[in-house]
Amino acid sequence: MFKKVLITLGVIILSLLLLAFIYFETMFFPLPFIVGKFGDQFNVKDVSRDTVFSWYRYSPFVDKIKSNTISFGVPFTITSKGNIDDSAKVHFQYVGHPDNPFYSCKLPKGKVDTVFYGEIYADECEVVYSHGNVKSGNLIVSFELGRQKK
């Protein structure tokens with residue numbers, strides 16, 4: 001009898017701990033984060049001007065991704081799609097360190113469908129669209145932090 005009570009009590013406690021874990025994981029971290037990645041998509045409103053896209057709101061989650069990766073860096077993927085009338089550039093930079101050339105991708109004139117990958121080591125990051133001589137077109141830039149899909 002005593003053994004059945006202990007087993008029942010153990011199952012109840014483990015169930016409550018599991019429910020608490022699920023609650024905190026979904027309430028304090030975005031749902032896509034549970035599967036190991038999250039991101040955002042930006043529409044470049046005026047392709048004839050440089051534009052900086054920040055993701056400060058994700059800064060608290062970068063440490064969680066760092067703890068789930070083998071290295072201390074967080075993998076990222078940046079995708080650009082659209083159509084522009086001249087070549088341009090999209091690059092990744094740490095806040096306060098503009099134009100990090102290691103993380104840049106040249107966008108071709110005409111149809112744009114580019115993807116590039118890298119790894120970040122800072123909590124505050126920005127994606128920058130540099131227009132070059134572009135005067136017209138449309139462009140959507142998206143990023144994803146976490147495991148890369150190649």
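Reader: What should I know before we start?
Author: Residues are numbered from 1 along each chain as its sequence is written, and side-chain values use heavy atoms, with hydrogens and water left out. Since the model is predicted, local features need pLDDT of at least 70 and side-chain atom pairs count only at pLDDT 80 or more, while totals for chains, interfaces and linings use all residues.

Reader: How many helices and strands does the chain have, and in what pattern?
Author: Helices (H or I, at least four residues) and strands (E, at least two) are DSSP runs, numbered from the N terminus. The chain comes to three helices and eight strands. Going along the sequence, the pattern reads α-α-β-β-α-β-β-β-β-β-β.

Reader: What share of the residues is buried?
Author: Buried means under 20% relative accessible area, exposed over 50%, and partly exposed in between (1.4 Å probe, protein chains only). The chain has 150 residues, and the buried share is 37%.

Reader: How many aromatic pairs does a search of the whole structure find?
Author: Rings of Phe, Tyr and Trp (its six-membered ring) pair if their centres lie within 6.5 Å; planes under 30 degrees apart count as stacked, over 60 as edge-to-face and the rest as tilted. With that rule, the search turns up two.

Reader: Is the pair of F42 and F53 stacked or edge-to-face?
Author: Check the rings: they sit 4.5 Å centre to centre, with 15° between the planes, so by the cut-off of under 30 degrees the pair is stacked. F42 lies in strand β1 (residues 37-44) and F53 in strand β2 (residues 51-54), so the pair ties together parts eleven residues apart in sequence. Both F42 and F53 are buried. The word you asked for is stacked.

Reader: How many residues apart in sequence are the parts that F42 and F143 tie together?
Author: F42 and F143 are also a stacked pair, 5.9 Å centre to centre with 15° between the planes. F42 lies in strand β1 and F143 in strand β8 (residues 137-146), so the parts they tie together are apart in sequence by 101 residues.

Reader: Which residues form one aromatic cluster?
Author: F42 pairs with F53, and F42 pairs with F143. The cluster is therefore made of F42, F53 and F143.

Reader: Which are the edge strands of the open sheet of four strands?
Author: Two strands pair if DSSP finds at least two bridges between them. The order in this sheet is β2-β7-β4-β5, with antiparallel pairing. An edge strand here pairs on one side only, and the edge strands are β2 and β5 (104-107).

Reader: Which residue in β7 stands opposite F53?
Author: β2 and strand β7 (residues 125-130) pair in the antiparallel sense over four bridges. On β2, T51 and F53 make up the covered face, while V52 and S54 are on the uncovered one. S54 has E126 as its bridge partner, and opposite F53 stands V127.

Reader: Is K109 buried or exposed?
Author: K109 sits in the loop between β5 and β6 (110-120). Its relative accessible area is 61%, so, with the cut-off of over 50%, K109 is exposed.

Reader: Which residues does K109 touch, not counting residues up to four places away in sequence?
Author: Contact means heavy atoms within 4.5 Å. K109 and D85 are 24 residues apart along the chain, and their C-alpha atoms are separated by 5.5 Å. The residues K109 touches are I84, D85, D86 and S87.
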